[in-house]
Structures are given as structure tokens and as C-alpha cells.
Amino acid sequence: MMDTSETSTSAPATAASSAKAVELSPFNYIVTAHPPSVVTHVVTGNFTAPHERNLIIAKSTRIEIHTIAADGIHGLLDAGMYGRIAIMQLFRPPNAQQDLLFICTERYAFTVLAYDAQTGELVTKANGDLQDKSGNPADLGPIGVIDPDCRLIGLRLYNGMFKVIPIDPHGQFKDAFNIRLEELQVFDIKFLRGYDRPTILVLYQDTKETRHVKTYQVLLKEKEFAEGPWAQNNVEGGASLLIPVLMPLGGVLIVGEQTITYHSGSAFRSVAMRPAIIKCYSVIDTNRFLLADSEGNLLSVLLTHDRQDKVTAIKIDRLGVTSILSCLTYLDNGVVFGGSQFGDSQLLRLATERDETGSFVRVLESFSNLGPICDMAVVDLERQGQCQVVTCSGAFKDGSLRVVRNGVGIEEQATIELPGIKGIWSLKPTEAALYRSILVVSFIGETRLLGMSSGEELEEMQIPGLDQNSQTLHCANVSGDQFLQVTATEVRLVNCSTQALVASWSPASVPDRYAPGTRITMASSNDFQVLVACGGGHLVCLSVEASGNLVPIGHARMDHEIACVDITPIGGQPLSQVCAVGLWTDITVRVLSVPTLEQVLVQPLEGQIIPRSILMATFEGQPRLLCALGDGSMHTYSFDVLSQQLTDHKRVSLGTQPILLSAFVSRGQTHVFACSDRPTVIYSSNRKLLYSNVNLREVTHVCPFTSESFADCLAVVSSTSLTIGTIDEIQKLHVRAIPLGEMPRRIAYHEPTRTYGVATVTLAEPLPVGSNSGNVAARAQNVRPMAFDDGPRSPSDVLEDTSFVRLFDGQTFEIRDSFQLPSTETIMSFISCSFANDSSDSTVYLVVGTAFVIPSEDEPKRGRILVFDVAGGALHLVTAKDVKGCVYSLNAFNGKLLAGINSKVNLFKWNLTGDGIRELVSECSHHGHILTLYLKSRGDFIIVGDLMRSISLLMYKSGTSSIEEIAQDTCPNWVTAVDMLDDDVFIGGESSFNIFTCRRNLEASTDEERKRLEVVGEFHVGEFINQFRAGSLVMKLPDEQEQPIQPSTLFGTGNGVIGVIARLTRSQYEFLQLVQAAMAKVIKGVGGLNHSAWRSFCNERRLTEAKGFIDGDLIECFLDLPRDKMQVVVTGLVRDGQPVSVDDLLKYVEELARIH
């Protein structure tokens, strides 16, 4: 039996693979492929400069700093934290010109950060540990508040305690202390304005489950509370949020589920609202507020007041529907940022008039969020070793499928078989034309022109002024509505309108300078200038006159033959002030002034490899010089226009063959296409160069190509063909969203039909039970919208959760078919598998495990296993097996089916009756677990991930048809996901955001020791891992046999992280441990947080140092270090008895980074 959604984990290991596993076990390299995308906190203020407004976003373990401009938000800095952010607030110390950022982590480490505008880095102003030796962590999570007058920071981290960090008048932090807080179940704390002493308001619930609010004054000298100015007993039972009101009104809004109440001690106003759970808020000004509820409704609250600033009424309006927001902040001019944990975060504009749907909300921009990832399928569609990941993402109405694949995709629109192409360029027919619709294709000895016909088809064409009987070296549009063509013998200028030759230049026209037979070897141009290299090291600069002339304006003779040239303008100038040249023999890059061609600087290139392509490009306003070599590596530099110096040198390896660099513009941004055996797109984000591989095997040349039919396309050349294709949005991982309007929980890939089975939960009117609702339109009508009205809901309006099995097309992701379950039945597990003893050995079924959830039952007592056949694009229920409990997990097992049902592991076999009925029959079971949440198998071995008893290893004995436990991890880990890395090493996710590996103790001397799984790896990921899947995001190429490591496992988390795990040999692990230790000394954690402490395995029961894992995120930071710090890292490093150089380690880490 083969589980096609988890092929590699269910197939028996061969002897060769086992041997390799023994060599590799038990060490692992763990790295992030997709960073967290769930937004947990947002704040706005003047953080980077006194007059610059910033949006700061926290995504669990990362902070992003953006500047707010009239045209949107612009990323400035993205930094990882050695901690999960629990509290984040901006504040401004007395007499300060800009804000500071206070962060407290879930482990109660705090830091205060400032921004250094000169270095562009975060600076730690203060930090410390807020943990107490005793105390119970706050039941409802930590709460942090900052006094509006910046006299103290208050934190409720433990039940019954309020921790105070005093701030003196000079902005210095004093020693923290605790004040006893009588109220235990605290929902919210806020500082009130308008009082001489710091005054907090506490919203709490007493032992009778009644909620109240109470004020306290904080006495800093006495280190205690004083009775506050007012209190209010018996507020609404659903109240959970306090919103302090700015002066001169003062007071607070107490937000419940049915009312909003204003209270200031002397004034009291309340208004009823439609029942809703308010998740977050933002203050616009003194009397206007924004609220977001749990259904995605955005509300406005307006306080009306009289001339004495006394609140007279509260008005609530529904503005529109957004993602379900977890945090909200008002930016400026009616623009709001909403961060979401369940869907895409959004930049919103509040309009003054309603649209056709009645909404005031306009979505300006959406920010993709993969989290929470409940499940995922890893599928190698092209059978090339590169998988695409389809995740079950989001929740409630924001649920979606996300298709994730590595690098940039080029979707083929048209292909022509044309071998032997030596160059390609695109032209506009005229200067005023909108499209670059003419392709100039160069061959040895000839040039062909391809243009778009009236029928929007590519066909050959003629332009009389262009020399089509010679190989073209360069071709472009230039100023004056003219074409420029460079061949080996001349430079030609052709009028676009008349298509006639108007001017030319050749070395032969200057016989006193150029030897007879001197040929042009290469050229580069911009709108007004042409740079031509000729044999003998000659370099000439020509000016393109609008009147139709080519005027030589500069000449130089280089010391050696010229290998590559570029004259692209930088810094937004139409004319280039400098040009770049790469030379043979001395292997250097020269920057020359234009038009004199006098040398500005010489940059030697390390090694003996000749430069093959050079390009000057501007990324995010930063001029860069890129120089690609003949061995597939590339040097990058930043170019300072004022000092005319090259800085920030880095060397990257993009392939193994010579690289050709070609700039193009996509979606208004400049990118560079590196043509080679591993084609790559180079782009910039947050002023950092990034590299995305392209989903093509080989590219030799590329150029932009656009027409009415082919908007924003590239013409891509390989050794045998020319392809026109559209290019994806440029990013490291490409994510495609398929909104569902319901929550996807489980997914399985059905390989024979190339479809995905997805288990979803929706709020819908019940259809007849067991009916098939394949019609998408009917389903859309059936799902009731999240309506908002002014009246309360009646009991009949309460929507029930309904589970569906959906069948999606693997390419279009349209729904092919649906199967609805009864309202009390929930899908818990879902796999794709085939059975032994079936009427057809090739039939692959979709198998669903369910539970009937009855509120009165502590644990489900009944469930079903549903087996579906997929035929004709439809789901056909083959059999339904009733079981006594919840089917938490399913796994294919040697032609049979394993099921984790409550506390048991059950094995079912496939049975065919005499009348052709197919059914599942119980063969055997294994008891002794608490809850069998996860099952994985390999050969006859089975691992069980238990709710509280970590991992158990079972073995099926076919002779006795029984399952026996042969080993168990004795550490009481609460497991969230498990997988088998090989026959002997198993991996698990743990509920306190850790990961661990266990190994069979085969060498133990006693039976008791052999029955105990040895914990060989422990590591704090900082993420709640929901699923492990075997597979890789990158394509394994034939020449990558020497790649240091191969990725083996992917994992998905609640914060939207996709991580990669790769196996290491002992020698690799020991070397990378040294590199990791050296990196930890060079790279200091943001806010002074410690790397070793962050990665230590930590839960409620124990804290131990990390072992068995290498932190790939830290290792790969080496690629971003300046050269001097790289040298510090490698100092003293030895590998295989040899000292390690910067270039050695750079190449090694680049290969490691290639696994994702």
C-alpha cells in the first residue's frame, strides 16, 4: 500500500538508504524557508526620525519597520528576534525628539530599542530579565502598559502581581519591583489620562464570574498601590477590552460583547450593539475610535460631547468588512493598517462615501499570510525533485489554500524551436509605442526579426536599415526615434519611421587608430550613448544625436583585451557619468568616467576566472555594480556616486557555467536576470540583494517582450528554443492564494487524477446529509454571508459548523465535487492511499477519519472512516466504517490502514465480499496510549505521537497479526507533530515551540535500555509545528551530487512558517557547530537577547541546552556580513585539518542556503 501524499515516509527503506541514514544520523540542519507571516502586534510613531512616521509590525519572532509615505508604506528594516514577542509598544521619554520601542518576550525578557539613522541599525537602550523565581504565569497572557507621561512601564506577567519598571525624568530605567494585585483573573489593564499620579484601570472577574473595573494609583516611592479615584462594579459580563480616551475628555471605553460603555468616574454613558467579540482597536483622535470584531467587521465609535468636554452620547457605525484582524493601527489621512492572524493583513483606506456594497472600506494593499498552517501536502508535480507545497491556511472566513513553490515561475505563453541563438533584444516599433513587440534574434552569420502580426502571432519581418546578413552583437531603441544595431564591423543608426540607415560608425573609418581588420567585439548603450569595445583593447564612446548622427566623444586603449562592458545610467540620470569594463588577463573591473573614458578605479577580481558580463543597476535607489564570471559566480558591489568608490563587496555562486546579466523591469521595479545553467532573478528588498531561482533548466539569453496579447512578458532563450512567458511576482518563495471563504483543516493529494482532497469547515445552511454539492455557484449561494445588522441574533440564526470533503483540480483549484457530513461530524484526518487485495491494485482512494462531537461528551465516543473513490472528477463513497471514538490520525501501512482512534492504534485490512462490496475489517490493535494524535510508518515500524507521552515505537508482526511496543521516549513531551527521518531516528514537534529527535538505542546492553528511545536532539524553534512532510522546495540538479546536504523534511507552523530540515553527517555537524559558535559571537541578538538561551529546549518542566540541531538561520546570516566580520568568523576555523578561508566558508554556506 502506498500513501501518495506521504510517499517517502511510508516506503520501506532500502539497504543503501539505511546505510546512508546510519552515516547521517542523528544530526540535523534546520532553517526557515518562509518566515512567520502572522501579524501579532502593530504600532505607529516617530521611531526612525523626529519627523518621519513609522509603522512597526511584529510577526511573532520578527519585527518589520516601515516608513509611512503618501503612496503607501515602504520597508526599511526587517530583523529577527531571539524570542517570541508578547508585548510591543512605542513610548517617548521626557524631552526626547523621537520614540523608543519597548518589547517583552514570552519568556519575560525585555528590551528597549532605538533606531540609529546613520548605521540603519537598531540600538539597545536597556534590557533585562523580568522573570520571578516563583509565581504562576498570568492565565490570560501577559499585559504591558506604559504611563502616558512616561514615568513607568507596568506589566502583569504573573497572577496577583503588577511589575513596575520606573523611568526617571532623564529617561533612564530604574530597578523593577512588584506590587501585589489582589485581582487574579485580569482581562485588561490601561493607564488613565488626566491624573497627577500614574493611575491604572483594571478589568477583572471575581470568583462569582462577575466582572468589574477598579482604579489604582501607582506610588513609585512607596512601591505600592493607593486606592484609585473611582471603581465600577458589575460591568457587562462579556467585557474584555479597555480603551483609554485622550484628554480633554479623559475616561475610558469599556468594550463588551453587547455594549460599549464610557466611564470617567463622574460621567457614564452606554450604548447597545449587535453581539460581537471585539478583538482589537485603534485610537484616531480624542473622540473617534476604530474597532475590529471576530467576524471581520470594522466598526467606528464616535463620542459626542458638549462644550465642557462632557461626553453626551456614543455612536457606533459599521464601516465594512476586512480580514479577521488581530491588531489595528491608524496611520494618517484615513489610512489604517490591520494585522491578521487568520488571513492576509491589509492596508485600508476609509472612504467618505459607501461603495456599491455599502462599505466605506477600500483595500489598498494585502500582505500574504500563510498562517496558521493546519496541514499541508508536498507534491512533486514535474517529477524533478522540486516540490510544491499546498497548505491549509487561515481560519474561519479567511481560510484559504496557499500554493507555495520556490523561486520565480515563468509561465509559457508560446514556444518556437530555434536552436543556435547567440543573442536576443526587443525593440519598440517607434519611440512613442507602448509595447516592445519586435524581437531581434541573432545567429552566427545572420539576424532575424520577429514581430507581432495583426492576428497577434509572431512572424518574421524586415527592417531595411538593419543588417540582417550579419550577427548582431547589440540592438536597442535610442533617442530621436531611432534603432541602434551593433555588428562585428559597424555601429548602425536607423530611423524608426523610414526604417532607413541614417548613420554608421566603424573602426575602418578611423584607419590611423585601428589596425586593418579590427572588429567590434561587444557593445552597450543607453538612450544617448553607445560604448563599443574593439579588438586590441580599444574602447570608444559614441554620442547618439537626435538629428541622426553618431559622434565619437571618447576613446581609450586598455592594457588588456576587453571581456565585458556596460554604460547603464545610475542614480536616475538619463546620461551615464561612468561606465564599467571587465578585462581579460589581469582579471579586473575598471570604472571609467564618461565621456573621457579616464580611469576612476580598478577593482581586482579574486582568482583566475575571466569576467563574462558586467552591469550597473539601481536597486531601491542604491547603485550597484554586478560582475559575473565564467565559473558561474558573481561579484556584487555598492557604488557610491559621490566618492566613486566600490563598497560592500560580496561574492555569490549562482551556477557552474558562464553567466550573462540582463536587466528588466517588472511591476515598476528593476530586476536582473542571470542567464546560466541555474537561471536566477536578482532583486532587492530592504536594500539587500536577494536571489530567486527560476523554474527553468537552462537560459542562455533573455529580454523583455510586450504586446497586447503578451503583457509584461520575457523572451527566454535556451540552446534549442525561444519561449515567450509571463513572469511571476519576484520573490524568494512564490505564494498563490486560493480563497475558500471557509476553513481548510486537512489535505491529501490524489495522484492518478491530479486532484487535491481537502477537508473544510464552514458556517452554512445544512444540505441533505450525504449529498454531493459539486456546483460551485450553488455552494456559494449556500454559504450564508457574515451579515451585520443592528438587531440581536435569534437562536435560529446561530450557524452550525459543517464539514465538507472537497475535491479540487490540481491545476486550476476549482472545486470538482463536494461531500457534506452531518453537522455534528468533524473531519480529523485525511490521507490518500491504495489497498492490497483490491479489485484493482492501481486504485487510489481518499480516506477520511471523523469524530462526532457532542458537547456533553468529554471525548468523542463515535467516529467513522470514510473511503472515497475518485472517478470522473467526482467523489464516490465506497464504504463507511463506524468506530468507537475519534479518528485522530490515519496512515497507509503495507496495503492496509492504520488509524489512531482515541487511545488505541487500530489496523484495518481491505476486504472484498462475494457480492463485490468493499469494506474495512479490523485486524488488530494496540492499547496503552492517552490520545493517539499522530501516526507515521516505515516498513513494519510505526511511531505514535501521543498527547502527553511523547513518541512510542511500535512494530507489526505479520506472523501473529499483532502490534507490539518496542521502545518509548520517556520524556513527557506534549507532541504536536511527528515523522520518521529513517528507520531509527524520529522527529517530533512539542507544544512549547520546541523540536526534538529520538533514536532507537540498538547498542544498549540491556532490554530495558533498548526499550527506551534515546533523545539525541533538542532545539527551540519558537514555532508551534503542526505538520511534518517529506520533500524539498528546490530542484536537485544533476551536477549537485557534491552539495553538502540534501533537504529531507519540511514543516509548517501556526505562524505561517515553512521550515526545512536536512540531515548532517557527524563531521558536518561538528564543523557547523564551530561556525555557529563563531557567528553567535559576531552577530549580537536584537535587544541584547542571547542566541544560546533562545535555542535552548524549554518547556514548563525543564530547560536544557540545544543539541543535535544546527541553526541554519544564524549560519546563513554569514552571507550578509561585511568582509571584515566574515574574516572574524573564520579566524581559527579548521575543516579536515585545513584552515578555512572566507571564500571557502562563503561557498559552503551558499550551498547550504540552496536547500531552500
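Visitor: How many of the 7 residues of strand S38 (residues 472-478) are buried?
Guide: Buried means under 20% relative accessible area, exposed means over 50%, and partly exposed lies in between (1.4 Å probe, protein chains only). Strands are DSSP runs of E, at least two residues long, and helices are runs of H or I, at least four long; both are numbered from the N terminus. S38 is largely enclosed by the rest of the structure, because its buried residues number 6 of the 7.

Visitor: What kind of model is this?
Guide: Residues are numbered from 1 along each chain as its sequence is written, and side-chain values use heavy atoms, leaving out hydrogens and water. Local features need pLDDT of at least 70, side-chain atom pairs count only at pLDDT 80 or more, and totals for chains, interfaces and linings use all residues, since the model is predicted.

Visitor: Which residue in S39 stands opposite His474?
Guide: Strands pair if DSSP finds at least two bridges between them. S38 and strand S39 (residues 482-487) run antiparallel, joined by 6 bridges. They form a hairpin with 3 residues between them, and Gly480 in the turn has a positive phi of about 80 degrees. Opposite His474 stands Val486.

Visitor: Leu597: buried or exposed?
Guide: Leu597 lies in the loop between strand S48 (588-593) and strand S49 (599-604). Beyond its neighbours within four places in sequence, its contacts include Leu531, Val540 and Cys579. Its relative accessible area is 5%, so Leu597 is buried.

Visitor: What is the area of the nonpolar surface patch made by Ile930, Met948 and Trp974?
Guide: Trp974 lies in the loop between strand S77 (962-968) and strand S78 (975-980), and is partly exposed, at 34% relative accessible area. Patch residues have over 30% relative accessible area and no salt bridge, with nonpolar side chains (Val, Leu, Ile, Met, Phe, Trp, Tyr) joined within 5 Å and like charges within 9 Å. A salt bridge is a side-chain nitrogen of Lys or Arg within 4 Å of a carboxyl oxygen of Asp or Glu. By the Shrake-Rupley method with a 1.4 Å probe, the patch is about 240 Å².

Methods:
Contact = heavy atoms within 4.5 Å.
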